[in-house]
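Dear colleague,

Please find below the structure that I am handing over to you. My findings follow it.

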Amino acid sequence: MANSTPDGNHTAKGQALFCSTRHYGLPQKIFILTLNVPMSITTILGNVLIIAALQRVHSIHPPSKVLLRWLMGTDLVMGLLSQPLFVSFLTSQEHSVTCNYLKTLFYTTATLLGLGLILTLTAISVDRLFSLLLGLRYRQQVTKKRVRVTMSLLWLLSAVIASTFIYQPFVTTSSVYTTGFMCVIASTFCYLKIFLRLRQLQTQVNVQGQFGQGEIFNIARYKKTVTGVVWVQITLVICYVPHALAQAIFAFTGSNTPSFNFVWDVTISMAFLTSTLNPFLYCWKVREVTRALKDTVRPLFC
């Protein structure tokens, strides 16, 4: 999302004194709002419940649980802050200073949270790889303090990149795409490494029978945890690619037609969809989280 909007000039994208008109009609605008308001509410409720449920899950290593809280917390802030800003920007009075402030604030926070989400998912993939390769040393090497320091540095990087949108949107766009591409490469490498290592362990189990039932169960549980995170990452890519394509089209053509402006806002809404789906995906793939969620929700209906 860290690009210039199609309602500004190429030379002053994100820096114009006033917001330009959204060129599509009221029915399309109502459609965008109808998409985002329910998604925002669902995102907030879903992530609050998952964060509360994680308190009851004791099978997940505490540093890994910290990473999951960062992930769900990012999605929660998306629903609490970034999506309402988007709705406020669309419904604000056109050609006003308020509209311009909302636009700048929205794109800055969306960049911060979107890039932070990608960095967090990359950190989770590295953590999953370490848990497999380090074995017994994992609990000594990967601690809650080290995870918190690492995440603070990653989010500081995201904040620095997001802040450049106010002055140089082109720098923001270049930095986001470069960082995002490196994150995708790193995550892909980690999951390929995990897949090959699990395949090797499975071969040892089948051929040599080297593992006990407890270790086989741990491997099966590990697979489900990794699968849940992989689905979250795949969903993020699917939801973000349409807006990346819209940005590329605008960069090359400078299109500012009503239909393109509408597509632009639809793709932003699709990017928000990943924060709505993440709690359901993780709950679907990790049984411990599902059971903990049921235990969390059940008292609310009693």
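N47 counts as buried because its relative accessibility is 0%, where buried means under 20% relative accessible area, exposed over 50%, and partly exposed in between, with a 1.4 Å probe and protein chains only. This is a predicted model, in which local features need pLDDT of at least 70 and side-chain atom pairs count only at pLDDT 80 or more, while totals for chains, interfaces and linings use all residues. Residues are numbered from 1 along each chain as its sequence is written, and side-chain values use heavy atoms, with hydrogens and water left out.

N47 belongs to helix 1, which covers residues 26-54. Helices (H or I, at least four residues) and strands (E, at least two) are DSSP runs, numbered from the N terminus. A polar atom in the side chain of N47 lies 3.3 Å from the backbone oxygen of S275. Apart from neighbours within four places in sequence, N47 is in contact (heavy atoms within 4.5 Å) with M72, D75, L76, S275 and P279.

Turning to the chain as a whole, there are nine helices and zero strands. Of its 302 residues, 47% are buried. Among contacts between residues at least 6 apart in sequence, 83% join residues at least 24 apart. The accessible surface, calculated by the Shrake-Rupley method with a 1.4 Å probe, comes to about 15,100 Å². Carbon and sulfur atoms account for 69% of that surface.

Two helix pairs deserve a description. Helix 1 packs with helix 2 (residues 62-91) at an angle of about 155°, and their axes are 9 Å apart. Axes are lines fitted to C-alpha atoms, for helices over the stretch in contact, and angles run from 0 to 180 degrees between N-to-C directions. Helix 1 and helix 2 are therefore roughly antiparallel; angles over 145 degrees count as such, under 35 as roughly parallel, 65 to 115 as roughly perpendicular, and the rest as oblique. The crossing of helix 1 and helix 2 is left-handed, a term for a near helix turned anticlockwise from the far one by less than a right angle, with right-handed used if the turn is clockwise.

Helix 3 (residues 97-133) and helix 5 (residues 144-163) pack at about 150°, with axes 9 Å apart. Helix 3 is therefore roughly antiparallel to helix 5. Their crossing is right-handed. Among the residues that meet between them are T108, L112 and G116 in helix 3, and M151, W155 and A159 in helix 5.

Yours sincerely

Key:
A polar contact is a pair of N or O atoms within 3.5 Å; within protein, one must be able to donate a hydrogen and the other to accept it, and residues adjacent in sequence count only if both atoms are side-chain atoms.
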